[in-house]
Amino acid sequence: MLSEGDKVSSSVSSSSISYHTLRNNPICNCGSPASLKWSNTPRNPGRSFFGCSKYNTKGLPHSNFFIWADSGKEIENDLMKLEIEILMKKEELQKTHEELQKTHEEEEVRRREEEVQKMMEEVRRWMEEVRLRDGEIVKREVEVQRQRTHIRIYWAVSILLYLYLIRSH
């Protein structure tokens with residue numbers, strides 16, 4: 001890119017900006033087409049270069065992209081374009097991966113919710129079975145109490161009958 005002797009001043013007065021960008025201009029590191037500018041430095045007066053189109057634009061983030069327009073670095077420009085395209089594809093792939101991960105997590109949540117619903121239904125069935133068995137136990141207890149009462153009455157009648165027979169003899 002820049003050698004030690006080829007530094008360009010970063011002030012607005014050291015270069016003028018062309019407000020149009022061409023389709024074949026190199027792509028800046030920030031992803032925007034680079035702007036064609038002209039150096040006003042004593043070392044390279046009037047020499048054209050490409051720089052970040054957002055440089056010295058209030059409030060916009062910019063990169064320190066720089067390349068001489070007459071340097072014949074078309075291959076380097078093409079490589080930078082490819083690198084930016086790869087980075088964009090990588091971001092797109094990352095987003096797709098995150099979406100797939102989210103979809104997978106949502107499917108896992110749905111599957112687990114279905115499992116919980118099945119378990120809750122099974123618990124409801126068990127609770128109904130417990131209620132039925134509890135009703136049967138209550139019925140048996142009532143029957144046992146009735147039978148105990150009958151046995152007590154039987155014994156009371158038997159004892160009274162025995163005592164009556166003993167007294168009558």
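Modeller: Let's begin at arginine 133, which is exposed, with a relative accessible area of 51%; here exposed means over 50%, buried means under 20%, and partly exposed lies in between, using a 1.4 Å probe and counting protein chains only. Elsewhere, salt bridges with shared partners tie Glu108, Arg111, Arg112 and Glu115 into one network. A salt bridge here is a side-chain nitrogen of Lys or Arg within 4 Å of a carboxyl oxygen of Asp or Glu.

A word on what you are looking at: this is a predicted model, in which local features need pLDDT of at least 70 and side-chain atom pairs count only at pLDDT 80 or more, while totals for chains, interfaces and linings use all residues. Residues are numbered from 1 along each chain as its sequence is written, and side-chain values use heavy atoms, with hydrogens and water left out.

Back to our pair. Glutamate 129 and arginine 133 join their side chains in a salt bridge, 2.9 Å from N to O. Both belong to helix α1 and sit four residues apart, about one turn of the helix. Helices (H or I, at least four residues) and strands (E, at least two) are DSSP runs, numbered from the N terminus.

Helix α1 covers residues 74-168, and within it glutamate 115 and arginine 111 are also four residues apart, about one turn. They form a salt bridge whose closest N and O atoms are 2.3 Å apart. Glutamate 115 is partly exposed at 36%, and arginine 111 is partly exposed at 38%. Further along the helix, glutamate 121 and arginine 124 are three residues apart, again about one turn. Their salt bridge has its closest N and O atoms 3.0 Å apart; glutamate 121 is partly exposed at 36% and arginine 124 counts as partly exposed at 42%. Over the whole structure, a search finds eight salt bridges.

Ile151, Tyr154, Trp155, Ile159, Leu160, Tyr162, Leu163 and Ile166 form a nonpolar surface patch with about 910 Å² of accessible area together. Patches are built from residues with over 30% relative accessible area and no salt bridge, joining like charges within 9 Å and nonpolar side chains (Val, Leu, Ile, Met, Phe, Trp, Tyr) within 5 Å. Accessible areas come from the Shrake-Rupley method with a 1.4 Å probe, and for residues only the protein chains shown count as cover. Isoleucine 159, one of the patch residues, lies in helix α1 and is partly exposed at 47%.

From the N terminus, the elements run β-β-β-β-α. Strand β2 (residues 35-39) and β3 run antiparallel, joined by four bridges, and serine 35 stands opposite glycine 51. Three bridges join β3 to strand β4 (residues 66-68), also antiparallel, with phenylalanine 50 opposite isoleucine 67. Two strands pair if DSSP finds at least two bridges between them.

Strand β3 (residues 48-51) is covered on both faces: Ser48 and Phe50 on one side and Phe49 and Gly51 on the other are all buried. Phenylalanine 50 also belongs to the largest nonpolar core, together with Cys28, Ala34, Leu36, Cys52, Phe65, Ile67 and Met80. Such a core is a set of buried Ala, Val, Leu, Ile, Met, Phe, Trp, Tyr and Cys residues joined through side-chain atoms within 4.5 Å. In soluble globular proteins, nonpolar side chains tend to be buried together.

Serine 48, buried at 17%, touches Leu36, Lys37, Trp38, Trp68, Ala69 and Asp70, leaving out residues up to four places away in sequence; contact means heavy atoms within 4.5 Å. Arginine 47 sits in the loop between β2 and β3 and counts as partly exposed at 25%.

The chain exposes about 14200 Å², with carbon and sulfur atoms supplying 58% of it.
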